[in-house]
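Here's a quick tour of one model, taken a few spots at a time. Have the sequence and the structure open while you read.

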Amino acid sequence: ETLLPIAPLLAPQPRAALEALAAQLPALALPEAVGRLREWLALPPGDGEAELLRWRALLTRQLDRIDAELAALAGADGSATLAALAAGDGPAAALAQARLQQLEALAERCGRFAGAMDFRFLYDPARRLLTIGFNQSTMHRDTSYYDLLASEARLTSFVAIALGQLPQESWFSLGRRLTALGGEAALVSWSGSMFEYLMPPLVMPEYRGTLLERTCAAAVARQIAYGRQRNVPWGISESGYNATDAQFNYQYRAF
């Protein structure tokens, strides 16, 4: 596809121009993408775009860092991996070696964090469920529980059992309340959101024909039908939304 210059993308508001440019960025090489973004940054802010000014400044700093990195790697093969660059010599090789060391350190840190997480302080052995949190000021577990199988709670339970921190019986304590969705029996989640139903299968087994698999399909079908009935988008989940508290923090809830 022929990439257009940024001039035809200009719109009454820079936000609209950026949205149009964003659709093209995945097809661009990194230096060209940086150049296009700098062209956008040169546009004057539109009316009512005060909040955008802070993000423009942050984007400028990020592009400056990318340019510095590209300059340090000048002359290197653009298709070469960091490992291949690190095997050479000169400034580009030194930078590639430093980046590899940073990535290895991050990977090692992630591994330590994953192995160090202990869920047992959140576990209530009487209910055989995880509480939603722990109050550090009172040193007590919260009094609410993650208690439904059709929710993200099953992922935490699955991982904690796999780590040997929770008994297998805790899996069977997760609630399995059923409802009917389009003639299909389906498990109930807390709010019917796509996040609850579809997030856990991204990273844990879910077998064809099981109640969990049929529940996810039925929940998606019901959301599509709801969207058509109400003329709204489907795929509704928890999210931040345009309301703030006294400290101007955006609020978050299930929809």
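Does Ser237 count as buried or exposed? Ser237 counts as buried, because its relative accessibility is 18% and the cut-off for buried is under 20%. Keep in mind that this is a predicted model.

So where does this serine sit? Ser237 is in the loop that runs between α9 and β8 (239–244). Setting aside residues up to four places away in sequence, Ser237 touches Ser193, Met194, Phe195, Arg253 and Phe255.

Thr131 belongs to strand β2 (residues 129–131), and it is buried, with a relative accessible area of 1%. Its side chain has a polar atom 3.1 Å from the backbone oxygen of Gly133. Leaving out neighbours within four places in sequence, Thr131 is in contact with Leu122, Arg141, Asp142, Ser144, Tyr145 and Tyr146.

| Side chain | Backbone atom | Distance |
|---|---|---|
| Thr131 | oxygen of Gly133 | 3.1 Å |

Now for the greasy parts. In soluble globular proteins, nonpolar side chains tend to be buried together. The largest nonpolar core here has 15 residues, and the members that touch the most others are Leu149, Trp171, Leu174, Leu187 and Tyr197. At least two residues of this core come from each of α6 (153–162), α8 (194–198) and α9 (211–230). The top contributor is α9, with three residues.

Trp171 is worth a click. Not counting residues up to four places away in sequence, Trp171 touches Leu149, Arg154, Ser157, Phe158, Ile161, Arg176 and Met204. Apart from this core lies another one, of 10 residues, including Val34, Leu43, Leu52 and Leu63.

The buried residues in α2 are Ala33, Val34, Arg36, Leu37, Trp40 and Leu41. Why do they sit on the same side of α2? Because they cover an arc of only 165 degrees around the axis. One of them, Val34, is also among the members of the 10-residue core.

How values were computed. Residues numbered from 1 in each chain as written. Predicted model: local features only at pLDDT ≥ 70, side-chain atom pairs only at ≥ 80, totals over all residues. Heavy atoms only, no water. Core = buried A, V, L, I, M, F, W, Y, C linked by side-chain atoms within 4.5 Å. Buried < 20%, exposed > 50% of the residue type's maximum accessible area, 1.4 Å probe, protein only. Helix = DSSP H or I, 4+ residues; strand = E, 2+ residues; numbered from the N terminus. Contact = heavy atoms within 4.5 Å. Arc of directions from axis to C-beta. Polar contact = N/O pair within 3.5 Å; in protein donor to acceptor, adjacent residues only side chain to side chain.
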